Structures are given as C-alpha cells and as structure tokens.
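Work through the exercises below with the sequence and the model open. Each task is followed by a solution in steps.

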Amino acid sequence: MKESPSKKAEILAVAGGTLLSWYDANKRDLPWRGSNDPYAIWVSEILLQQTTVAAVLDRYPKFLERFPNIETLAAASEEEVLAELQGLGYYRRFRAMRRAALEIVEGGGGKLPEDVAAWKALPGIGDYTAGAIVSIAFNQAHAAVDGNVVRVLTRLLALPGIHESLAAKRKLGEEVLTMMPAGCASRFNQALFDLGATVCVPKDPRCETCPIRSSCLARTKNEVHLYPERPIKKAMVDVKVAVALIEENGSFLMTRRAAKESRMPGFRELPEIWVMDENEPRDQLHRLLAERFNGRVAIGDELAEARHTITHHRLFCTLYSCQLAVSSQPGGEWVNPANLDEVPTSTITKKLLRRLASEL
Ligand code: SF4
C-alpha cells in the first residue's frame with residue numbers, strides 16, 4: 001500500500017532528525033572530514049567517484065600535498081595529474097578536474113564558485129558532485145544522491161522502481177530535502193553517506209543497530225531485500241589478452257593509447273591484443289606486432305599472467321617475451337621500468353610487470 005503524502009513527510013522528518021543525532025555520535029573519521037575548504041571537498045568527491053573509501057584514504061592527502069590549491073592543480077600538466085592518481089581508474093574524471101581547475105583560474109581568478117549551477121557548468125561536475133560540494137562546503141540545502149543515498153531512501157520509503165537515472169535521482173533528492181533538518185545540510189548529507197556505507201549496506205544491512213529502523217518501511221514490511229531494485233546486469237565476457245614484452249637496454253617498448261580512446265586515453269601500455277574468439281592469442285599478438293612495428297617478429301616464452309576486470313569483461317592476461325628485428329620503432333616509445341610511476345601507465349601493464357618482478 002502506498003503511503004499518503006503526509007505520512008511520508010512525517011516518516012522523513014522523524015528519520016531525518018534521528019539520523020542527524022546518530023551522525024554526531026558515530027561519524028566516520030575520514031581525512032576530508034572537518035574541512036569546509038571547497039577545493040579539498042571537490043578533490044575528495046572526484047577521487048571517491050566509482051572508487052572505494054579504502055582506495056582513496058592514502059591517495060587523498062598525497063594529492064593535496066602535491067597540489068594543495070586550485071592554482072597548483074591548474075598549473076600542472078595532465079600527465080602530472082594522471083601520474084599522481086594512477087591506479088585509481090576512471091581517468092576521465094581527473095582530466096575533467098584539471099580542465100575545471102584551469103577554467104576556474106583563467107576565467108574566475110581562482111575563486112571557487114559557491115553556486116550549484118556554476119559548479120555544474122564545469123567539466124566533470126554533475127548533480128551529485130555539485131550538491132555534495134555546496135552542501136558540505138557552504139552548508140547550502142542541496143541533495144547529493146549517490147548509491148548510498150538511493151539505498152537508504154528506497155528502503156526507508158519502500159520505493160519500487162530503478163533509481164539510476166538522473167530524473168529518478170532528482171526525485172529522490174526532493175525526499176532528501178524533506179528529510180533534511182533546517183540549517184544542517186553539510187552534516188545531514190554526510191550522515192546519509194555514512195548510514196549507507198556502514199549500516200544500511202547493500203548485503204545484510206544492520207537493521208538491528210540502525211538509528212532509523214522504527215521509521216523504515218522496508219524493515220516494517222520485512223521487505224528489505226527488495227530494495228533498491230536493480231537493473232539486469234550484463235553477462236560477464238571472458239577475454240584473453242596477449243601482451244608483448246619487448247626489451248632493449250633495460251627499457252620496454254610501449255605504445256601510447258590514442259586521445260580518442262574511451263578507456264585510459266594517453267596512457268602508456270605494453271602492446272596488447274584482446275582475443276574474444278577461438279583464435280590463438282600468441283598468433284594474434286604476432287600479427288599485431290608485425291603490422292604495428294612493420295618488422296620481423298618472434299614470440300617467445302610466457303613470462304607472467306594476471307587477471308583484471310573492466311566493466312563486464314573478465315581479462316585473462318598473458319605476458320610474452322617478444323623480439324623485433326629492428327629497434328627503431330616509430331609507433332612506440334622505450335620506457336625504463338624504473339620510471340613507470342612518473343608516466344600514466346595502464347593497469348594491465350602495471351599488474352603484469354609487478355607479477356614479472358615478483359617472479360624473477
Ligand atoms: S532499518 Fe535496515 S533497511 Fe531500513 S534504513 Fe536501517 S539499515 Fe536500512
């Protein structure tokens with residue numbers, strides 16, 4: 001049975017007040033907490049996109065040490081920014097952050113905006129990030145609906161339907177604003193994040209210790225497992241990836257991914273080929289190297305193996321020792337492995353080289 005609007009508003013108001021008190025006593029101790037510097041908050045939100053808190057904990061203070069303010073970030077090259085953040089994945093967000101820093105410094109004299117619409121006009125900033133920045137930094141009453149908030153709200157109100165579209169999240173944002181006690185946007189949005197991350201977790205939520213359990217409709221109806229509804233996932237596809245290690249004077253031949261590539265544009269990688277059919281990876285790698293480097297090629301031993309997952313692709317990567325007849329390679333660049341941390345390098349390449357080093 002659908003709740004009446006007044007009943008729903010009552011549930012939201014009661015849960016909102018309780019949640020805020022719970023947050024004051026239970027908030028997570030995170031390095032980006034306690035600051036209302038919009039630059040530091042913006043950086044934390046970008047680093048946390050599609051990335052776990054655990055993965056960001058060490059990288060965030062290091063990033064701020066290297067680029068402590070908008071001016072230093074705007075003055076850095078894209079390569080310097082990507083090298084600092086390599087390993088975190090989804091690199092388009094970091095390129096956009098640097099472009100936004102340039103726009104703020106060149107167009108706005110380095111003053112970070114306070115207005116949610118001005119943030120959304122910058123590269124890489126959507127509803128969620130803009131709402132999070134202005135609510136946390138300036139305590140403005142804006143919602144910031146991420147996966148945690150979707151989970152908490154759909155369970156609290158027993159809301160059916162898939163809430164992944166922008167329109168569905170905006171609708172949930174209205175519920176968040178109904179729930180938010182006046183003048184408490186900064187603490188309240190962070191309270192919702194914390195509840196979703198530590199109590200109302202995806203699997204086996206800790207309802208017995210949840211501060212808003214007496215308001216929660218999904219719990220009352222014993223239907224917590226039904227929310228949030230999920231779209232049907234794409235089936236995983238297994239891919240064999242053959243990767244070439246071509247060495248000369250202690251350096252490896254690498255290529256640079258094209259700027260128009262959707263995945264990791266501009267990153268260096270060892271030459272690789274994905275094989276999704278019955279073809280022999282070794283033969284496909286031979287063909288790739290012969291075409292790309294225009295020379296005689298010999299494929300030798302298997303040196304290392306690694307696994308990696310990219311969206312719905314499960315990659316089984318094998319590194320082969322390879323030789324080329326000529327060392328001048330117009331399509332490639334010789335990179336000393338000691339310098340790999342200074343150049344943005346693909347995760348598959350890094351994993352295989354780490355595995356190789358550990359096996360030597
Ligand atoms: S009672 Fe359970 S399902 Fe409801 S909000 Fe709390 S943890 Fe989530």
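The model is predicted: local features need pLDDT of at least 70, side-chain atom pairs count only at pLDDT 80 or more, and totals for chains, interfaces and linings use all residues. Residues are numbered from 1 along each chain as its sequence is written, and side-chain values use heavy atoms, with hydrogens and water left out.

**Exercise 1.** Locate cysteine 200 and decide whether it is buried or exposed.

Solution. 
- Cysteine 200 lies in the loop between α12 (185-198) and α13 (217-220); helices are DSSP runs of H or I with at least four residues, numbered from the N terminus.
- Its relative accessible area is 11%. Buried means under 20% and exposed over 50%, with a 1.4 Å probe and protein chains only, so cysteine 200 is buried.
- Leaving out residues up to four places away in sequence, cysteine 200 touches Arg151, Val152, Arg155, Leu195 and Pro205 (contact: heavy atoms within 4.5 Å).
- Valine 152 is 48 residues from cysteine 200 in sequence, and their C-alpha atoms are 6.3 Å apart.

**Exercise 2.** Which residues are around the ligand?

Solution. 
- The residues with a heavy atom within 4 Å are Arg155, Cys200, Pro205, Cys207, Cys210, Ile212, Arg213, Cys216, Arg219 and Val224.
- By class, this shell has seven nonpolar, no polar and three charged residues.

**Exercise 3.** How many residues of α12 are buried?

Solution. 
- The count is 11 of 14, so α12 is largely enclosed by the rest of the structure.
- Phe188, Leu192 and Leu195 are among the buried residues of α12.
- The buried residues of α12 pack against α1 (5-26), α2 (38-48), α9 (127-138), α10 (147-156) and α11 (166-179).

Note on methods:
Helices (H or I, at least four residues) and strands (E, at least two) are DSSP runs, numbered from the N terminus. Ala, Val, Leu, Ile, Met, Phe, Trp, Tyr, Cys and Pro count as nonpolar, Asp, Glu, Lys and Arg as charged, and the others, Gly among them, as polar.
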